[in-house]
Amino acid sequence: MNVTDLLKKDVMLLDLQASSKEAAIDEMIANLYKHNVLTEQESFKEAILAREEQSSTGLGDGIAMPHAKTKAVTEPTVLFAKSKNGVDYNSLDGQPAHLFFMIAVPEGGNDTHLQTLAALSKLLMEPVFVAKLKEASTPDEVQQLFLDATQEDAAEEKAEAPESGSSASSDEKPFVVAVTACPTGIAHTYMAEDALKKKAKEMNVDIKVETNGSDGTKNHLTNEDIERASGVIIAASKKVEMARFDGKHVVERPVVDGIKKAEELITKASTQDAPVYRDSGEKSDDDGEYEKQSAWGKIYKDLMNGISHMLPFVIGGGILMAISFLFESFLGSESEFFLFFNSVGDTAFNFLIPILAGYIAMSIGDRPGLMPGIVAGMMAVQSDAGFIGGLIGGFVAGYLVVLIKHLLKDLPQSLASLKPILLYPVLGLLATGTAMYFAIGPVFSKLNSFILSFLEGMGTGNIVILGILLGGMMAIDMGGPFNKAAYTFSIGIFNDTGDGAFMAAAMIGGMVPPLAIALATTFFKNKFTPDERKSGTANYIMGLSFVTEGAIPFAAADPLRVITSSVIGAAIAGGLTQFFHSTIPAPHGGIFVVFLGNAWWFFLLSLLIGTVISALILGIWKKPVSK
């Protein structure tokens, strides 16, 4: 398979009209769908946007390579597009993107097309080739350029291949090894590989690069390679096997640095100007080699790690508890069905705070942080420090483990094996337990009691305001920090008191956006494209199921109108649940658990009011689609 087999002429867009990143993505996806490369657009777009959140695929030098691998793709395809005026694509160099390669890969595809995509990625590292590409004006010219470049590249590789029996490298040159990897393993992995190889050749440095792509590990580094190397380069934006580099000077950077900063990485590795990596996780120097992250970004990442691992317990345990209440209403509190479902659900709920704290600590302190974090969460439960106490305990446990690692980093190598199996568990537990028993537990127990008493003493007016706030927050970013903060707060109160009032406000706030979009696409057909109307129908199901993310594609395409209307409707609905004293006895489930709560008919009325208001605002505000 050649690059030209994937780079189909009929799907090319040589006059991309979009002027923004979101619009460019939509325009390219629509063209793929038009030519039957995609069975549907929504899941593919979600995958594209998820990849963009990890790091921009705007590589700089006017090139962007958005890519995704999903079931929606019928055959591997590369869509080539050109923008005359350029698109602000949040590129790494801050410059507009003019050349676009949207890569669509089907799940379970064979290795052949992945190798072809790797070849495509490498070609785009050639400035002369890119310059010619920018001048091409027809699909035939584009294909011919790639065909010629591929043949030249193959000829060069054949000419440079070492003869049989000759050594691939010289002992007189510095030798380094590298690993490249990106989350999807489609483009950046191979672009970083090619950039490192070319720069190493210019610098007269021998290099061997292992790629961790979608087609698996290629050019695997042997123990002999690693032992001989002066240093190691990890240009990766996902986890790679690190234990094998114990004791070596390791430069660890995101994969884009392998593309853009190859000379710097090779210099540091070849001169051993990099920290020594230790299998236990510490380095002999500071963490300057890692991708810089803001303090809030780090805290949010750690918090989300705890919440994401906690959610299965929330959803599974919460819904089983809700089912138990259904059995109780029909069969009584002594019913075996009630006792069984309630016991299983309640047991899962007992793990909420320990799991939250444990995985927050693990995100901070790696595996040694997990056990102290879980214990911190359990101690928070036992001391009535509640959800907040457990959350703080998880952060404290994680940072205490980091401190212990730092204090033990100069331990003799002969004792290094004792750290993960003895020293970290004992010292980590002792330090965390001390903090929880003497400080965090007592302090947050009183704080938790004060918060619960304050909430119980709030008048109807204040409760309604809180409901408005929770409902609105659920719709602001539809799964982002505001949404998670409102949802986590509601779960914490529900877990501490068993009162599902705030759970009702949070759940209805998450149900309104997709339902409102579905309603708007039904009654304001001229305001939406045919594809959007099809997606709108699916949002009925997602909204009723409390899956707020169904609204994300619409919010990404028209954020001002969609988010504003969603927040207004969700806030009104959230406030009405508190005014009508509706409750939901489960943290998830949507319409399937609504009927188990108090004043459920008022919950449905609140949902209807909020949805209609939001749909009307969106439908009236949105401009008709031009034919």
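Which helix does Asn 483 lie in? In this predicted model, Asn 483 belongs to helix 18, which covers residues 481-497. Is Asn 483 buried or exposed? Its relative accessibility is 6%. Buried means under 20%, so Asn 483 counts as buried.

Now look at what surrounds Asn 483. Leave aside residues up to four places away in sequence. Asn 483 then touches Met 473, Met 474, Asp 477, Met 478 and Thr 548. Gly 471 sits 12 residues from Asn 483 along the chain. The C-alpha atoms of Asn 483 and Gly 471 are 9.0 Å apart.

Next, move to helix 5, residues 127-135. Which of its residues are buried? They are Phe 129, Val 130 and Leu 133. These three span an arc of only 100 degrees around the axis, so they lie on the same side of helix 5. An α-helix has 3.6 residues a turn, so residues three or four places apart point the same way.

Finally, take a pair of helices. Helix 2 runs over residues 21-34, and helix 3 over residues 42-54. They pack at an angle of about 145 degrees. Their axes are 11 Å apart. The crossing of helix 2 and helix 3 is right-handed. Which residues meet there? Helix 2 brings Lys 21, Ile 25, Asp 26, Ile 29 and Leu 32. Helix 3 brings Phe 44, Lys 45, Ile 48, Leu 49 and Glu 52. Of the residues in this contact, six are nonpolar, four are charged and none is polar.

Note on methods
Residues are numbered from 1 along each chain as its sequence is written. This is a predicted model: local features need pLDDT of at least 70, side-chain atom pairs count only at pLDDT 80 or more; totals for chains, interfaces and linings use all residues. Side-chain values use heavy atoms; hydrogens and water are left out. Buried means under 20% relative accessible area, exposed over 50%, partly exposed in between (1.4 Å probe, protein chains only). Helices (H or I, at least four residues) and strands (E, at least two) are DSSP runs, numbered from the N terminus. The arc is that of the directions from the helix axis to the C-beta atoms. Axes are lines fitted to C-alpha atoms, for helices over the stretch in contact, and angles run from 0 to 180 degrees between N-to-C directions. A crossing is left-handed if the near helix is turned anticlockwise from the far one by less than a right angle, and right-handed if clockwise. Contact means heavy atoms within 4.5 Å. Ala, Val, Leu, Ile, Met, Phe, Trp, Tyr, Cys and Pro count as nonpolar, Asp, Glu, Lys and Arg as charged, and the others, Gly among them, as polar.
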